[in-house]
Structures are given as C-alpha cells and as structure tokens.
Amino acid sequence: MPVHNASCWLEECLQAIVHQDFTGSMELSVFDDASTDDSRKVLEGWRERMEDRGISVVISGHSSSQPRGVGFAKNKAVTQSSGRYLCFQDADDIMLPQRVRLQYETSILHPNSLIGCGVQRLPEGSTERYARWINSLTRDQLLTQAYTSHGPTVVMPTWFCSRKLFMKVGLFDEGGKGVPEDLLFFYQFLRQGGSPLRLDQRLLVYRYHEAAATHSVTEETIWKLRVDFLQERVLSQWENFTIWNAGKQGRKLYRSLSLINQKKVKAFCDVDENKIQKRFYTYEESKERPKPTVPVLHYKEATGPFIICVKLDMTGGVLEENLNALQLREGTDYYHFN
C-alpha cells in the first residue's frame, strides 16, 4: 500500500484489512511517500491491532520535500514485503472481507493471471460509465478493450497476483507525477502473454475524489501510449482497415498514426449524412504532395476490419446494434479505441 497524505481515509482502509476473512498468513507493507499530514501516526497506531489479528506490519517511507510518485512508492512497498502473493491496495479504498481470500484462491488456479474484481463506486453514481465498464467486461474484452481511453481493463486498485508474475513483468515506472504507471505495467504484462482475469464479485469500494493520483495524468499522455500499443499489437497485423468515425476523434487517430499505418487506412465510415456527403477527408497538415485523401463512406458500405472511435455506451445501444447487424466480431473484425 502506497500512502501520500491519506490520513482522512486510512481508518476505514485499515479496518477493512483487519476484517479480512482470509485465514492464511498476511503482511501489510506500507511505503509513506513524503506525507505531510499524520498518515504515519495513524499507520503506527494500527500496528498493534494488525499484529493482534496475526498480520505482520512493515512501514517505511521518506520525508523529502517532494513525493517520488505512486510507481516509486508501490515498488518500495513490494520490495520490502515478503509474501508470495501481492494484493495491491490504495489507501483511499476499502476492501470487502472476502477480497484477499477469493483473489488468493483464484491466483493459485491461474498463476499467470493478473486478477482483479468488481468495484462499488463511492460516492455512488460517480463516473457511472467507467464503473459500468469495469464491472461488465467479458473475459475476452479484458484483452480486446485494452486500447480504450479507460486504461487497464482490470483496474489497478483491484490487482492481485503472485510475486513471481509481478517480478517477471518488472517493477512500476518511477517517472513520478503524470506517469500512468499502471497502464505501462499492464501493457508490458500483455506483451508477455499474460491473461487478465476479473472476479465478478464487487470486492472493493473504489473511491472517487479530486485529489486522486489518477487526475495528474493527462489525456494526451494516455492517448499516445494507446496509439502506440494499438499500432504494435493490432495494426501491424492488418494490411488495411477502416476508421469508424469521420469526426474529430477518427481524424485525430488517423493523424496520430505512423506513415505506414496512415497508408493502410482505406476509408472513414460514419452514420452522419453531413460527414458522408463530403465524400473525402484531406489530410491538410501532411507534408506529402499531393496531400493524402481518404474516402468517407456510410458504415453499411464500408468493409472491415474496423477501428472504432465512437464512445462506448453513449449512443443508447445504436452503435452496438449496427455492429451486430453487420455480424462483426470484436477482436477479429473490429477493436474499440474509445
């Protein structure tokens, strides 16, 4: 557990750890990343209760003027710990009593999996679409939807895996503020052939608040990582493809691609007649002469495979109906990018 100025959440968080129904041996390993509140005092105040419950406690940290970041703190917490399995817990979240037991049992059966679980959002109703996405992805979609703007399909605050798996993937990026260390780790895990897995039970209360570290990562940073990963994993395997969305997002994706992959784009497709009537998109910023032009088609006239740049869960089911009507299979005929 990495901690930075978390004293207002720690009581609930630590109480939940004490209440785990797992009967094996447990250790709480905390790294305090330059907190200026009384987080350290709160943690020390729980040491005895933890030890009475049979949970050994390792607490360390630093008091430099600047925090070193979540990646650094998580790495420290992992390396000073001694368990054969790792359960990642954020200081502002609350685990349900069965979490460690159920994820541990699953981890034994699936040693090469990064195991997550469903979440309850607090306050209820915050980031509604995101929470629905976390909880409803199918096992296949945990792989196929790794390119969407939501980040890792198994969300970091729910991660559980063997130490062996973690060390094989490698430590978190320690770039500090603004670095999506979870996404970088997750992509590396997938590159190594790892399979993400999610327990459907909602075993974590996942808190949403303005001070969360997530907010320090810019959309642009994530966008670039996603585009690169999409090119590496999907587009490199395709001879050509269609971008589903002739609007801003689709065109932005096109402009973000390498020259090789731009040349693979055979068309944009859309449902909007105004966009279709233009018939072509011209890449005005291109240094090439003549400037590249890409046809804009109605989606029923377009051919796959497709990269879909339409926001998930925002069309009232129309997008999903259109995909089904064309009998397209996710992960073969199309991938979601939004």
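Reply: A cavity is a set of grid points where a 1.4 Å probe fits but cannot get out. This model is predicted, and a search of the whole structure finds one cavity of 30 Å³ or more.

Me: What is the volume of the largest cavity, and which residues line it?

Reply: The largest cavity has a volume of about 40 Å³. Its lining consists of Leu14, Leu28, Leu43, Trp46, Arg47, Met50, Val57 and Ile59. Helix H2 (39-52) and strand E3 (55-62) each supply at least two residues of this lining, and the largest share, four residues, comes from H2.

Me: How do the residues of that lining divide by class?

Reply: Leu, Trp, Met, Val and Ile count as nonpolar, and Arg counts as charged. The lining of the largest cavity therefore divides into seven nonpolar, no polar and one charged residue.

Me: What makes a pocket something other than a cavity?

Reply: A pocket is an open set of points, with protein on both sides within 12 Å along at least five of seven lines, whereas the probe in a cavity cannot get out. The second largest pocket has a volume of about 650 Å³. It is lined by 27 residues, and Glu27, Gly83, Tyr85, Leu86 and Cys87 lie nearest its centre.

Me: Which elements give two or more residues to the lining of the second largest pocket?

Reply: They are strand E2 (26-33), helix H3 (70-79), strand E4 (85-87) and helix H4 (99-109). E2 gives the largest share, four residues. By class, the lining of this pocket has 16 nonpolar, eight polar and three charged residues.

Me: Why are helices H8 and H9 called roughly parallel?

Reply: The axes of H8 (residues 181-191) and H9 cross at roughly 5 degrees and come within 11 Å. Angles under 35 degrees count as roughly parallel, so H8 and H9 are roughly parallel to each other.

Me: Which residues make the contact between H8 and H9?

Reply: On H8 they are Leu183, Leu184, Tyr187, Leu190 and Arg191, and on H9 they are Ile222, Leu225, Arg226, Phe229, Glu232 and Arg233. These divide into seven nonpolar, no polar and four charged.

Me: Why is H9 called roughly perpendicular to H10?

Reply: Helix H9 (residues 219-233) and helix H10 (residues 248-256) pack at an angle of about 65 degrees, with their axes 11 Å apart. The range for roughly perpendicular is 65 to 115 degrees, so H9 is roughly perpendicular to H10. The contact is made by Glu220, Trp223, Val227 and Leu230 of H9 and by Gln249, Lys252, Leu253 and Ser256 of H10. By class, this contact has four nonpolar, two polar and two charged residues.

Me: In which hand does H9 pass H10?

Reply: The crossing is right-handed.

Key:
Residues numbered from 1 in each chain as written. Predicted model: local features only at pLDDT ≥ 70, side-chain atom pairs only at ≥ 80, totals over all residues. Heavy atoms only, no water. Axes fitted to C-alpha atoms, helices over the stretch in contact; angles between N-to-C directions. Parallel < 35°, antiparallel > 145°, perpendicular 65-115°, else oblique. Left-handed = near helix turned anticlockwise from the far one by under 90°. Contact = heavy atoms within 4.5 Å. 1 Å grid on protein atoms, 1.4 Å probe; cavity = no way out; pocket = protein on both sides within 12 Å on 5 of 7 lines; lining within 4 Å. Points joined across faces, edges and corners; volume = space filled by probe spheres on them.
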